[in-house]
Amino acid sequence: MTQQSVATSDKLDAAVLKVAGVVVLGAIMSILDVTVVSVALPKFQSEFDASYARVAWTMTAYTLALATVIPLSGWAADRFGTKRLYMVALALFTIGSGLCATADTIGELIGYRVLQGLGGGMLMPLGMTIMTRAAGPHRIGRLMAVLGIPMLLGPIGGPILGGWLIDTASWHWIFLINLPIGVVGLIYAQFALPKDAPEPSESFDFVGMLMLSPGLALFLYGISSLPEVGTFAETKVWAPMLVGGALVVAFVLYSFKPRHPLLDLRLFRNRSLTIASVTMFVFIIAFMGAGLLFPSYFLQVRGESTLAAGLLMAPQGIGAMITMPIAGTLADRVPIGRTVPFALGLIVVGFFGFTQVDPQTSYWMLGGSLFVMGLGMGGTMMPIMTSALRTLQAQEVARGSTLVNILQQIGGSVGAAVMSVILTNELNGSRPIPGLVDQSGKPITEAGLAIASQQRPELLQQMPVDPSIIERGLDFAAKSFASTFWVAFALVVLTIIPAAFLPRRRQPAQLDDPQGEQVKTPVVIH
């Protein structure tokens, strides 16, 4: 075979691009949905009269659902076929989106978000499987470049799209917009995706799934109930935490017994994977948890419109878009132990700006902080996990990729729950305004009224109060955000410790097939 014909075979032909179009469409829906909802949390607070810790469950429940179905998708794809399962996942996500738009209570919205997450969690891993089969392993690098488009545009476009829809229409449209895209995606998938024959697969660890997912949900629910009741002594707090914690511990002990466990914790014998996983897990808790609060600060303390808050978040996505391709190139040439600590240092520098927020903090400073954080973010996640998986044996990669993905989603869930609890607890310490109570009879605090008046100025005409109270309330709210950011900042700094143990010398890749040729395996992180 000539060099010219080899080069030609490496190109993505029309048939592969047609399949890639379906997968990219699904990826855009799944990734955008996470970032779109991030700017809507304050709107959910006022719409459903709920605390920040409560509405944050619209994110926590979604990511827990993602974590639940990621390991299920590989087993189900073998059993039912990738095309059929991909279309089921797309339909689930679309139906869940439509139901979210009909929610009348925050409880309903959280439940429908779970349904959405069950579909969304399968879209990315199934999409990667379909694309890899269509193009072959030698073209995975080019496929990742195609899939990188929604991954790069999601953090920029999501908050802006969400803000525009909420401001010009209503919060319902951040979910309704998925309906036409989902219908087009289903029709497109029916004609574009090749048929495949389901094959018998290895057994699935349903027992493990029934311990891990409910265990995490109960534990996080207990934590999230803390600001509402104010003490660990309440049954609503300690009972779910105790049961949930016991289920998680039981899962860890049990997972070493099955031949094909839900999470193969035996892989942590690999030092590189363990260090990378610890670094990623702590980082995700801090960065993703606090990342939900960035737009909320702009909305609730600064009184910006939802669209403006989305636009103010754009520098972070732009920063990541610049460094992600560079980091991908360097990952093959420079040991990540030399690049990742530098990228984490950028995140620490950028994050520090948000620990100093007050009601008048310069937008230039905050925008610069977000940009620097984005630069660091683009050079952190993908290099860590790609490098870790390269040290695994070929037969371990699928299980390693599943482990990495689930840890990422669990970290995001824990981060969203914990940071929202800290913020809610801080805001609860605001001074109550004498004689003012809400519809449920609870005293209205200075910070609560100040935040509400930023989005609804007419409230100040309905309940005339001294302007100094609003000023004092905004100052207290800003300090509450700053205190929460300090916790997240400390966690990001802590990630530098495990990152210092990342390999500083080039390691030989273990992903070899029986003929000795290196096998490239995509890492799906979203």
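What volume does the second largest cavity have? Its volume is about 40 Å³. The model is predicted, with pLDDT of at least 70 needed for local features and 80 or more for side-chain atom pairs, while totals for chains, interfaces and linings use all residues. Residues are numbered from 1 along each chain as its sequence is written, and side-chain values use heavy atoms, without hydrogens and water.

**Cavities**
- Three cavities of 30 Å³ or more are found in the whole structure; a cavity is a set of points on a 1 Å grid over the protein atoms alone where a 1.4 Å probe fits but cannot get out, and lining residues have an atom within 4 Å of a point.
- Residues lining the second largest cavity include L64, L212, L262 and I406.
- Helix α5 (57–80) gives the most to this lining, with four residues.
- The lining of the second largest cavity has eight nonpolar, two polar and no charged residues.

**Largest pocket**
- The largest pocket (an open set with protein on both sides within 12 Å along at least five of seven lines) has a volume of about 1800 Å³.
- Of its 48 lining residues, Q45, D49, A50, S51 and D438 are the closest to its centre.
- The lining of the largest pocket comprises 24 nonpolar, 14 polar and 10 charged residues.

**Helix pair**
- Helices α15 (residues 293–300) and α24 (residues 467–494) pack at about 170°, with axes 11 Å apart.
- That angle makes α15 roughly antiparallel to α24 (over 145 degrees).
- Their contact (heavy atoms within 4.5 Å) involves residues including F294 and Y297 of α15 and F481 and F485 of α24.

Note on methods:
Axes fitted to C-alpha atoms, helices over the stretch in contact; angles between N-to-C directions. Helix = DSSP H or I, 4+ residues; strand = E, 2+ residues; numbered from the N terminus. Parallel < 35°, antiparallel > 145°, perpendicular 65-115°, else oblique. Points joined across faces, edges and corners; volume = space filled by probe spheres on them. Nonpolar A, V, L, I, M, F, W, Y, C, P; charged D, E, K, R; others polar.
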